[in-house]
Amino acid sequence: MATAGPARDRNDALRTPVAADAKRSAQVADQIIEDVMALGWPVGTFLGTEAELLERYSVSRAVFREAVRLIEHQQVARTRRGPGGGLRITEPTTDAVVEAVVLYLHRVDARLDEVVEARLVLEELATRLACERADEPERAALRDIARHTQTDLSDARGLHLLLARASKNLALELFVGVLDETANLYSTNWKAVGKGVTTDTAHAHARIAEAVLAGEPDLASRRMRKHLEAEAAYLRRRRSTRQQLPTAAVLSEMTNGKRAEATARRITHELVTAKLQPGELVGAESDLMVRTGVSRAVLREAVRLLEHHGVARMRRGPGGGLFVAEPNPFAVTDVAAIYLARHGMQLDDLSELRTAVEASLAEMAATRAGDGKVEALEEALHRETGGNPDDVHDVHTVVASMAGNRALELVALVLIRLSRIRQIERVPAARRRQMAAEVHRAHTAIAHAVTRGDAQVARHRMQRHLDALGAVTRG
């Protein structure tokens, strides 16, 4: 079978954000992803044997195998052993995104109320868009729901995922599904409910479906909000529900996967159970080999996965070892970018969702900003006058952090990064320099509204700013 050749064009949207001293394995993983994208992501295609790929990427076997472990974790490709084996392209699913999101939200102690609030923002938007964009098969499915054909809770997610799909916004569909699944993990037996709850859910879904079919976005979104608020209230009343994600929900499939992945899961489980804080020692390499019962090679592959997820970092030399890292969203951004690119995400999807999410975050920030956050916002405004194009996004990330919702902030951080990459690709350098003053004025106006606590003005200015930015990018 013919093997696929290397890509010539680089796709920066899929590159893992690594430092200058990044491990060669992460760089090789980036190159493999770029090659897969250049081929059009033909699932099942044989990329080559290990020997062929070692020659193609000019790396050692150890580095290559670590790179493969990363792309397997991201569901880009998988190794098949034995005769006719090698690296084959696979289909990324939402599972990898859910896993990365759950791990991140657990590490930052995101509360159930934050996930519920994030779902309200996303699902109200999806419901409104579905009123305009649902196609005939989707409308037929909505008519079934309106007739109360839903009879058990196994169908409970159906309406939510259907409306997200009908929004025709791939990024919105992804995050609605991910946060819907994540919310349920806060309760260990959320499916064990009585007939009355099932009946109430079916009735609420029917009323939402009726409003969408009637083309009434205001009514449909109000009904969706009421339904989600009732669902959240019910979850909070259950004894099995926790405000923080249970440790059991984090990387729970401890025995699945290859040895390095299973080892990474085990170490993660240990450090979250022990509530180790950033900077604390997980263990020296020799100690971890004894504790996990694996070889040095397997442990080092596991450490690469932990580093990729921002869970821990290995320090070499005297006093070294594996140390807990500060939580960061890079792993979520990376795997979400891969999933969205594979499934044909458009720039308009990003722009539309980013505007809605950040407008909501600006409104929240104006009502929740503390003194420390205000200082951070002022510093971000000052930095962006220095001429570094990367600094112009600091205001957006600071406003997102001021909102006090780590779940919706995470969605914003993913969208900000992906939008920045796409905008840089599309907007000429001269135009970007010209835009700098306009962007700074818009950011200053947003910051003033946030610090004054004027929620509606902050929301309006953020929306107007992102609408203008999206128009320039599309043009």
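**View 1. R315 stands opposite G321 in β6.** This is a predicted model, in which local features need pLDDT of at least 70 and side-chain atom pairs count only at pLDDT 80 or more, while totals for chains, interfaces and linings use all residues. Residues are numbered from 1 along each chain as its sequence is written, and side-chain values use heavy atoms, leaving out hydrogens and water. The two residues sit where β5 meets strand β6, which covers residues 321–324. Count the links between these strands and you will find 4 bridges, with β5 and β6 running antiparallel. (Strands are DSSP runs of E, at least two residues, and helices runs of H or I, at least four, numbered from the N terminus; two strands pair if DSSP finds at least two bridges between them.)

**View 2. The open sheet β4-β6-β5 brings 3 strands together.** Read in that order, the strands pair in the antiparallel sense. From one strand to the next, the twist averages 35° (axes are lines fitted to C-alpha atoms, for helices over the stretch in contact, with angles from 0 to 180 degrees between N-to-C directions). Now look for helix α12, residues 285–292: α12 lies across β4, β5 and β6, and runs at about 55° to β4 (contact means heavy atoms within 4.5 Å).

**View 3. R315 returns, this time over the face of F323.** The distance from R315 to the ring centre of F323 is 4.0 Å (the rule asks for NZ of Lys or CZ of Arg within 6 Å of the ring centre and within 35 degrees of the ring normal). So R315 can be followed through two views: it faces G321 across the strands, and it also lies over the F323 ring.

**View 4. Strand β3 has partners in both β1 and β2.** Which residues stand opposite one another along β3 (residues 86–89)? On the β2 side, T79 stands opposite L87 and R80 stands opposite G86; 4 bridges join these antiparallel strands. On the β1 side, F46 stands opposite R88, and the antiparallel pairing of β1 with β3 takes in 2 bridges.

**View 5. Helix α4 packs against helix α8.** Helix α4 spans residues 94–107 and helix α8 spans residues 170–184; they meet at an angle of about 55°, with axes 10 Å apart. That makes α4 oblique to α8 (under 35 degrees counts as roughly parallel, over 145 as roughly antiparallel, 65 to 115 as roughly perpendicular, the rest as oblique). From α4, the contact draws on T94, V97, V98, V101, V102 and L105, and from α8 on L174, V178, E181 and T182.

**View 6. Helix α8 also packs against helix α15.** Helix α15 covers residues 347–368, and its angle to α8 is about 55°, with the axes 7 Å apart. Again the description is oblique for α8 and α15. Look for L170, A171, L172 and F175 on α8, which make the contact with D349, L350 and L353 on α15.
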